[in-house]
Amino acid sequence: MSLDVSGLSVYTDENKMDLIKKSILEGRTMDFVVIQPDIKTSANINIFDSNLVAQAGSCGFNADGTTTLSTRNLAVSPIKINEAICVETLESYYTQTMMKKGSYQEELPFEKIYAEQKAEKIGDMLESIVWKGDKASGTGNMALADGLLKVIDGESGSVVEGNVSSATSITGANVVDLVDDMVANVPADIIDADDLVLFVGYEVYRLYAKALMQANLFHYRGEEGADFQQNVPGTNVKIVAVKGLNGSDRMILTRKANLYVGVDLLNDAEDFKIFYSQDNDEVRFISKFKIGVQVAFPSLIVEFSI
């Protein structure tokens, strides 16, 4: 007589471990730009500029020079996220062990981790939109608002060309020279600014950091850039890795004060709601916010593209 187990499935203990959330590389572009709140649809960045025309000293008054007032429009796009979950669906799976007793299920048994990951996902989405958004030709979430690359590319006649060597790729062999070229082409008017930032993708930053170490620079101890930001050696320019530029082979160098991100409320994207809808007998998630970008002075941007 033998034991027949052909009608059983191999046992897997799905209740042994807690739920874990997928790790997400957090966006941090917002730390290096000017955040402009209280915008419902659009607002103007008011720009003041004045030239100076000096003259040889003499009697009389000869007016010369011009003071210019202009604006650049910062428009925001409204974005919403809606999700509905029928909690009773969880009763058929291992998640039933997390649920309250009774047939009325009015809350998610894993609401805390659900809320944490939603917040991270929204931050990740905004980081990508701020750089790569394109309402005209973007796809998916990237079509919801225009990003900085779209704005900068639209000012091609004004921004400073950073790819002066006509490089066709960024590699470990040329990345240091390419970064140096970007720094060398910073407009003279801002060369001594204390908020110059060179934005790159994480993969470009890692190439750059590795190249510096391999160059065995006497001052490079391997501690610099542990948080994916450091000063370009011998300069006042901070090179910063941002997720929004990953996979783009783009580098953007300018002042922090030159890049604007418009929102309605500063914490709109974090102020989402999770609630039980009695009419629909489901738990619902809703998030609504606005986002938009603009550049104050295109001529103060050094951009690299291939």
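Buried means under 20% relative accessible area, exposed means over 50%, and partly exposed lies in between (1.4 Å probe, protein chains only). By that rule Cys-59 is exposed, with a relative accessible area of 79%. This is a predicted model: local features need pLDDT of at least 70, side-chain atom pairs count only at pLDDT 80 or more, and totals for chains, interfaces and linings use all residues. Residues are numbered from 1 along each chain as its sequence is written, and side-chain values use heavy atoms, leaving out hydrogens and water.

**Overall picture**

- The protein has four helices and 13 strands. Helices (H or I, at least four residues) and strands (E, at least two) are DSSP runs, numbered from the N terminus.
- Of the 306 residues in the protein, 38% are buried.
- The protein exposes about 18200 Å², and carbon and sulfur atoms supply 50% of that area. Accessible areas come from the Shrake-Rupley method with a 1.4 Å probe; for residues, only the protein chains shown count as cover.
- Contact means heavy atoms within 4.5 Å. Among contacts with a separation of 6 or more, 74% join residues 24 or more positions apart.

**Confidence**

- The mean pLDDT is 86, and 88% of residues reach 70 or more. Here pLDDT is the predictor's confidence in each residue, from 0 to 100.
- Residues 10-17 have pLDDT below 50, and this stretch makes three contacts in the model beyond near neighbours in sequence.
- Residues 20-24 also have pLDDT below 50, with 12 contacts in the model beyond near neighbours in sequence.
- Where pLDDT is low, the predicted coordinates should not be read in detail.

- Arg-250 sits in the loop between β8 (238-241) and β9 (251-255). Its relative accessible area is 10%, so Arg-250 is buried.
- The side chains of Arg-250 and Asp-153 make a polar contact of 2.8 Å. A polar contact is a pair of N or O atoms within 3.5 Å; within protein, one must be able to donate a hydrogen and the other to accept it, and residues adjacent in sequence count only if both atoms are side-chain atoms.
- A polar atom of the Arg-250 side chain also lies 3.2 Å from the backbone oxygen of Phe-304.
- Not counting residues up to four places away in sequence, Arg-250 touches several residues, including Leu-149, Phe-199, Val-200, Leu-245 and Glu-303.
- Asn-163 sits in the loop between β5 (160-161) and α3 (175-184). Asn-163 is buried because its relative accessible area is 9%.
- The Asn-163 side chain reaches the backbone oxygen of Ser-305 at 3.1 Å.
- Leaving aside neighbours within four places in sequence, Asn-163 is in contact with Glu-303, Phe-304, Ser-305 and Ile-306.
- Asn-163 and Arg-250 are 87 residues apart in sequence, yet 10.0 Å apart in space, C-alpha to C-alpha.

**Helix α1**

- Helix α1 (residues 111-132) has 22 residues and reaches 31 Å from its first C-alpha to its last, close to the 32 Å expected at 1.5 Å a residue. The expected span is 1.5 Å times one less than the number of residues.
- Buried residues of α1 include Tyr-114, Ala-115, Lys-118, Ile-122, Asp-124 and Trp-131.
- An α-helix has 3.6 residues a turn, so residues three or four places apart point the same way.
- Glu-120 lies in α1. At 23% relative accessibility, Glu-120 is partly exposed.
- Glu-120 and Glu-270 are 150 residues apart in sequence and 9.2 Å apart in space, C-alpha to C-alpha.

**Helix α4**

- The 13 residues of α4 (residues 202-214) should span 18 Å at 1.5 Å a residue, and the end C-alpha atoms are 18 Å apart, which agrees.
- Tyr-202, Val-204, Tyr-205, Tyr-208, Ala-209, Ala-211 and Leu-212 are buried in α4.
- These buried residues pack against α3, β6 (196-200), β7 (229-231), β8 and β9.

**Cysteines**

- A search of the whole structure finds zero disulfides. A disulfide is a pair of cysteine sulfur atoms within 2.5 Å.
- Cys-86 is partly exposed, at 36% relative accessibility.

**Positive phi in loops**

- Asp-38 has a positive phi of about 65 degrees although it is not a glycine. Asp-38 is in the loop between β1 (34-36) and β2 (42-50), and is exposed at 62% relative accessibility.
- Ser-166, likewise not a glycine, has a positive phi of about 55 degrees. Ser-166 lies in the loop between β5 and α3, and is exposed, with a relative accessible area of 58%.
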